Structure formats: structure tokens, C-alpha cells
Amino acid sequence: MTKLDFLRNVATAVTCLVMTTACGGGSKPSTVENIQKQTESVVEAKSVSSGWESNDYTKQVPKPDISISAAGESQLGYSANFNNATLEQVKAYAAKVKEAGFNIEAYEGDGDMYSYSAKNAAGYGVYLNWAQGQAGVLISKLK
């Protein structure tokens with residue numbers, strides 16, 4: 001498993017876990033359990049807020065035009081969960097992230113679940129996902 005694959009798996013788990021916590025357990029337990037099994041660890045958040053913060057991570061990507069339900073930093077980086085985001089909104093944001101330079105080792109998956117991941121020339125990675133009406137972004141400094 002490559003670092004970027006690991007990041008994708010962990011990002012999915014972190015996003016789902018934060019969404020479950022922030023939304024009072026709104027996601028299906030079986031989905032969260034399956035994602036947790038795919039990851040090697042779950043990282044506890046260092047801080048949690050309900051807005052887009054200004055930090056080294058968020059300076060790498062454009063601020064989303066989607067409202068934030070929960071956001072924060074962890075050992076993995078900075079993640080934000082979008083509030084009632086549509087698939088079209090997440091895809092539009094992915095296009096802005098691509099334009100901002102996140103196009104190295106890019107991966108885009110579409111179907112029942114949408115995801116986009118890539119890294120930029122500065123060594124940051126981004127992971128966007130949308131599944132069953134829940135969505136989020138994770139920005140990490142890759143080593």
C-alpha cells in the first residue's frame with residue numbers, strides 16, 4: 001500500500017468518523033465499520049470547530065463554497081466535513097482544487113461514492129469524498 005493509498009483510506013475513515021460524531025451518528029454503522037477495517041489506525045482530532053480555519057493546510061487549497069459542519073486538525077492534517085453538500089458541489093470544489101495545483105498522482109473515482117485525491121508540488125495531499133449525501137475534505141502534509 002502506497003502512502004497516498006493509505007492517506008485515502010485513513011481520510012475516508014476520519015471523515016466518516018467525524019461526520020458520525022458531528023451528525024449524531026447519521027451515517028450507517030456498517031459503512032463506518034467497513035472503512036475502519038481498511039485503515040491501519042484512527043487518529044484523534046487535536047481541535048474541532050464548525051468553520052474553515054486559516055492554517056498551513058488550508059492555505060494550500062481554495063476555501064470551499066460549501067458550508068462546514070465540523071472541521072479540525074489531527075495528526076493526519078486538517079479535515080472538514082461539508083454540511084448537506086450535493087455531489088455537484090463536491091465535484092465543482094474538486095475542479096477548483098485541481099486548478100490550485102493538486103494534480104500530481106491524481107485519482108478520481110465516481111459511482112455510488114465520489115472521491116478525488118492528489119498531491120501538489122509543495123508536498124501536500126488532498127482527499128475529497130462524497131458518499132450517501134455526506135462529504136468532506138482532508139489536507140495532509142505528505143512526508
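## Phe 82 and Tyr 93

Phe 82 and Tyr 93 are both buried in this predicted model. Their ring centres lie 6.0 Å apart and their planes meet at 85 degrees, so the pair is edge-to-face. The pair links distant parts of the chain. Phe 82 sits in strand β2, Tyr 93 in helix α3, and eleven residues separate them.

## The aromatic pairs

The count of aromatic pairs comes to three. One of them joins Trp 52 and Tyr 78, edge-to-face, at 5.5 Å centre to centre with 90 degrees between the planes. Trp 52 lies in the loop between α2 (29–38) and β1, and Tyr 78 in strand β2, so the pair ties together parts 26 residues apart in sequence. Both Trp 52 and Tyr 78 are buried.

## The largest nonpolar core

The largest nonpolar core holds 26 residues. Trp 52, Phe 82, Tyr 93, Leu 128, Val 137 and Ile 139 touch the most other members.

Two or more residues each come from β1 (68–74), β2 (77–82), α3 (87–99), β4 (113–119), β5 (124–131) and β6 (134–141). Helix α3 gives the largest share, five residues. In soluble globular proteins, nonpolar side chains tend to be buried together.

Key
Residues are numbered from 1 along each chain as its sequence is written. This is a predicted model: local features need pLDDT of at least 70, side-chain atom pairs count only at pLDDT 80 or more; totals for chains, interfaces and linings use all residues. Side-chain values use heavy atoms; hydrogens and water are left out. A nonpolar core is a set of buried Ala, Val, Leu, Ile, Met, Phe, Trp, Tyr and Cys residues joined through side-chain atoms within 4.5 Å. Buried means under 20% relative accessible area, exposed over 50%, partly exposed in between (1.4 Å probe, protein chains only). Helices (H or I, at least four residues) and strands (E, at least two) are DSSP runs, numbered from the N terminus. Rings of Phe, Tyr and Trp (its six-membered ring) pair if their centres lie within 6.5 Å; planes under 30 degrees apart count as stacked, over 60 as edge-to-face and the rest as tilted.
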